[in-house]
Amino acid sequence: MKVRVDADRCQGHTLCAMIAPDMFELSEVDGSSSAIAEVVPTDQEARVREAAQSCPEQAIILEEVAGDSAPQPDREQTMQ
Ligand code: SF4
């Protein structure tokens, strides 16, 4: 899973950094948030999802990486 913060939406509420302090850092200039790492470590995914759901501005954008939980392709039936 990948994460980024939409700088145009972020209003610096700090909720994300409180929920997932290892994944978000706040600017000392304007208090806006940014992701510390684009790729979310597995053990941080739950916190990052919670932060995204808690962001009042919906500024936290998650991207599921192909292969994370890709469904198994159906096998072709060749029985006759
Ligand atoms: S919770 Fe949302 S608006 Fe607040 S600092 Fe984090 S990304 Fe920005």
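Biologist: Leaving aside its neighbours within four places in sequence, with which residues is A51 in contact?

Modeller: This is a predicted model, in which local features need pLDDT of at least 70, side-chain atom pairs count only at pLDDT 80 or more, and totals for chains, interfaces and linings use all residues. Residues are numbered from 1 along each chain as its sequence is written. Two residues are in contact if their C-beta atoms, placed from the backbone, lie within 7 Å. With neighbours within four places in sequence set aside, the contacts of A51 are L15, C16, I19, A20, F24 and I60.

Biologist: In what order do the elements of the protein chain run from the N terminus on?

Modeller: Elements are DSSP runs numbered from the N terminus: helices (H or I, at least four residues) and strands (E, at least two). The protein chain has two helices and four strands. From the N terminus on, their order is β-α-β-β-α-β.

Biologist: Why does G12 count as partly exposed?

Modeller: G12 is placed in the loop between β1 and α1 (15-19). Beyond four places in sequence, G12 is in contact with L26, D30, G31, S32 and S33. G12 counts as partly exposed because its C-beta neighbours inside 10 Å number 15.

Biologist: How far apart in space are I36 and L26, C-alpha to C-alpha?

Modeller: I36 lies in the loop between β3 (33-35) and α2. Not counting residues up to four places away in sequence, I36 touches M23, F24 and E25. I36 and L26 are ten residues apart in sequence, and their C-alpha to C-alpha distance is 9.6 Å.

Biologist: Which residues are closest to the ligand?

Modeller: A residue is near a molecule if its C-beta atom, placed from the backbone, lies within 6 Å of it. In total, 13 residues surround the ligand. The closest are C10, H13, C16, S33 and C55.

Notes:
A residue is buried if 20 or more other C-beta atoms lie within 10 Å of its own, exposed if 12 or fewer, and partly exposed in between; C-beta atoms are placed from the backbone.
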